[in-house]
Amino acid sequence: MEWNNYHSTNTIHRFLTCLASEYKGKATLINIGRSSQGNDLKVIQVGSGGRGKPAIFIDGGIHAREWISPATVTYILKDFLENSGKYSRILSKVDLYFLPLANPDGYEFSRQSDRLWRKNRSHSDRGKCAGVDLNRNFGYKWGGKGSSNNQCSETYRGPRPFSEPESRAMRDFILARRGNIRMYITFHSYGQMILYPWGYDRVDARDSAELHRMGTVGARAMGRSYKVGSAAKVNYEAAGASDDWAKGSAGIKYSYTIELPDTGRYRFLLPARRIGNTVREAANAVKAMAEDLVKNIR
């Protein structure tokens with residue numbers, strides 16, 4: 001797979017299958033569930049495994065229209081496998097779990113029918129009122145600010161926390177490894193920001209200074225201007241988001257949303273010619289943050 005164009009769900013999933021086959025012993029393909037329309041939710045584990053080994057979880061594609069997100073996660077995954085030597089310090093201490101397409105139905109609908117579709121595709125018979133915003137469906141402070149109870153809203157939170165199979169699959173996979181996952185990173189676009197909890201309200205996490213320090217490590221490695229700060233203060237209030245849940249419910253200390261380029265010219269329609277630089281910068285940020293993390297893992 002190349003990073004000079006955006007690829008279909010089928011192409012991305014075939015790529016994951018090929019990686020698992022090519023890098024046996026280093027990469028393990030795990031189906032963690034199915035989407036509302038029956039597409040597999042595929043995770044690749046990179047590393048040796050082992051009971052209780054610390055880990056990092058990285059996802060992309062929660063919002064369908066943010067095509068640069070799955071492109072970024074697939075690139076970072078590929079780089080960890082193809083160039084494992086430069087990540088040896090990280091891989092000696094942690095495993096990584098990559099979920100490039102958390103919302104395969106919405107992503108493909110965005111490709112085929114409505115380029116700016118955001119939600120998943122549950123209740124597709126509702127037309128423009130179909131779907132749930134998966135990033136308002138997680139169970140920490142669900143139903144609060146920045147989410148809607150209107151089915152036709154882009155930020156419709158769903159009828160209850162974890163009403164959607166995609167968010168439930170992520171929840172169950174992460175909680176099954178509770179205590180092992182030390183860092184959670186979810187890629188979105190746009191804005192060039194590295195955000196940490198809390199997003200549900202303009203309040204600070206107890207360890208906000210440490211979260212800010214780690215976020216700054218990632219921002220510096222990007223090589224371009226990225227704002228760093230708590231999600232509600234730097235971006236906007238959004239209750240029920242995955243990063244708040246990862247910290248508040250799953251107990252993952254370092255939890256981040258990385259909003260990829262740009263800052264508004266192209267918005268969600270980042271041209272394919274910008275993929276290469278964007279994904280390489282993001283890989284640098286993940287490498288820097290992971291290397292900082294493993295300093296304190298023995």
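A pocket, on a 1 Å grid over the protein atoms alone, is an open set of points with protein on both sides within 12 Å along at least five of seven lines, whereas a cavity is a set of points where a 1.4 Å probe fits but cannot get out; lining residues have an atom within 4 Å of a point. The model here is predicted, so local features need pLDDT of at least 70 and side-chain atom pairs count only at pLDDT 80 or more, while totals for chains, interfaces and linings use all residues. Residues are numbered from 1 along each chain as its sequence is written, and side-chain values use heavy atoms, with hydrogens and water left out.

## Pockets and the cavity

Let us start with the spaces. Rolling a probe the size of a water molecule over the atoms shows where empty space is left. Grid points are joined across faces, edges and corners, and a volume is the space filled by probe spheres set on the points. In the linings, Ala, Val, Leu, Ile, Met, Phe, Trp, Tyr, Cys and Pro count as nonpolar, Asp, Glu, Lys and Arg as charged, and the others, Gly among them, as polar.

| Space | Volume | Lining residues by type |
|---|---|---|
| Largest pocket | about 280 Å³ | eight nonpolar, seven polar, five charged |
| Second largest pocket | about 150 Å³ | four nonpolar, one polar, six charged |
| Largest cavity | about 70 Å³ | eight nonpolar, three polar, one charged |

Of the 20 residues that line the largest pocket, Arg136, Leu195, Asn235, Tyr236 and Glu259 lie nearest its centre. At least two lining residues come from each of the strands β5 (181-189), β6 (193-196) and β8 (254-260). Strands, as used here, are DSSP runs of E with at least two residues, and helices are runs of H or I with at least four, numbered from the N terminus.

The second largest pocket is lined by Arg182, Glu210, Arg213, Met214, Lys253, Tyr254, Asp292, Leu293, Lys295, Asn296 and Ile297. Two or more of these lining residues are given by each of α6 (208-222) and α9 (275-294). The largest share, three residues, comes from α6.

There is one cavity of 30 Å³ or more. Its lining is made up of Met1, Glu2, Trp3, Asn5, Tyr6, His7, Ile12, Trp67, Pro70, Ala71, Thr74 and Tyr107. Helix α2 (residues 68-82) gives the most to this lining, with three residues.

## The disulfide

A disulfide is a covalent bond between the sulfur atoms of two cysteines. Counting pairs of cysteine sulfur atoms within 2.5 Å as disulfides, the model has one disulfide. Cys129 and Cys152 are the partners, with an S to S distance of 1.8 Å. Both Cys129 and Cys152 sit in the loop between α4 (104-112) and α5 (165-175), 23 residues apart. The link is right-handed, with 90 degrees about the S-S bond.

How accessible are these cysteines? Buried means under 20% relative accessible area, exposed over 50%, and partly exposed in between (1.4 Å probe, protein chains only). Cys129 is buried because its relative accessible area is 18%, while Cys152 is partly exposed at 42%. Another cysteine, Cys18, is partly exposed too, at 49%.

## Aromatic rings

Rings of Phe, Tyr and Trp (its six-membered ring) pair if their centres lie within 6.5 Å; planes under 30 degrees apart count as stacked, over 60 as edge-to-face and the rest as tilted. The structure holds 18 such aromatic pairs. In one of them, Phe57 and Phe173 have ring centres 6.0 Å apart and planes at 50 degrees, so the pair is tilted. Phe57 belongs to strand β3 (residues 55-60) and Phe173 to helix α5, so this contact ties together parts that are 116 residues apart in sequence. Phe57 is buried at 0% relative accessible area, and Phe173 is buried at 6%.

Trp198 and Tyr200 form another tilted pair, at 5.8 Å centre to centre and 55 degrees between the planes. Trp198 is buried, with a relative accessible area of 11%. Ring pairs also link Phe57, Tyr97, Phe173 and Tyr184 into a cluster.

## A hairpin

Two strands pair if DSSP finds at least two bridges between them. Strands β1 (residues 27-34) and β2 (residues 40-46) run antiparallel and are joined by seven bridges. Asn31 has Lys42 in β2 as its bridge partner. Five residues lie between the strands of this hairpin, where Gly38 takes a positive phi near 90 degrees.
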